[in-house]
Amino acid sequence: MNVKFFATYRMIVGQGCINLPAPRDVLELLEILEQRYPDFQGLLLNDDHTDKGRDALVLVCGRHIEHLDGVRTPLSEQDYVAVTPLVAGG
């Protein structure tokens, strides 16, 4: 599965894209990312690790997870996931 990172999340990972075996769902993916990259602690997941953090945006195959099954959106090897911080500009 392909996972793409943007903005400050790209800096945390040190590259724009990684490949890894597809976890069961988005929640498990975010947990894996927090374990692999400790600087994600408190950014990708909420305090009790039951949902994504409020400033993280996650898209699966170009669709926002809020329009799918949220963090319970299932993942497969063919999926691509984009993870980006909420950004504002003017």
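How many bridges join S3 to strand S4 (residues 63-64)? The answer comes with the second view. This is a predicted model, in which local features need pLDDT of at least 70 and side-chain atom pairs count only at pLDDT 80 or more, while totals for chains, interfaces and linings use all residues. Residues are numbered from 1 along each chain as its sequence is written, and side-chain values use heavy atoms, leaving out hydrogens and water.

**View 1. Phe5 and Leu33 in the largest nonpolar core.** A nonpolar core is a set of buried Ala, Val, Leu, Ile, Met, Phe, Trp, Tyr and Cys residues joined through side-chain atoms within 4.5 Å. Of the 24 residues in this one, Phe5 and Leu33 touch the most other members. Two or more residues come from each of strand S1 (2-5), helix H1 (8-13), helix H2 (26-36), strand S3 (56-60) and strand S5 (80-85); helices (H or I, at least four residues) and strands (E, at least two) are DSSP runs, numbered from the N terminus. H2 gives the most, with 5 residues. Not counting residues up to four places away in sequence, Leu33 touches Phe5, Ile18, Phe40 and Leu44, a contact being heavy atoms within 4.5 Å.

**View 2. Strand S3 and its partners, S4 and S5.** Two strands pair if DSSP finds at least two bridges between them. S3 and S4 run antiparallel, joined by 2 bridges, with Leu59 opposite His64. S3 also runs antiparallel to S5, here through 5 bridges, and Leu57 faces Thr84 across this pair. Buried means under 20% relative accessible area, exposed over 50%, and partly exposed in between (1.4 Å probe, protein chains only).

**View 3. Lys52, in the loop between H2 and S3.** At 13% relative accessibility, Lys52 counts as buried. The Lys52 side chain reaches the backbone oxygen of Ala56 at 2.8 Å. Beyond its neighbours within four places in sequence, Lys52 is in contact with several residues, among them Leu30, Val58, His64, Glu66 and Val71.

View 4. A disulfide is a pair of cysteine sulfur atoms within 2.5 Å, and a search of the whole structure finds 0. The sulfur of Cys17 is too far for a bond because the closest cysteine sulfur, in Cys61, is 13 Å away. Cys17, at 31% relative accessibility, counts as partly exposed, and Cys61, at 32%, does too. In the hairpin of S3 and S4, with 2 residues between the strands, Cys61 takes a positive phi near 50°.

Terms used
A polar contact is a pair of N or O atoms within 3.5 Å; within protein, one must be able to donate a hydrogen and the other to accept it, and residues adjacent in sequence count only if both atoms are side-chain atoms.
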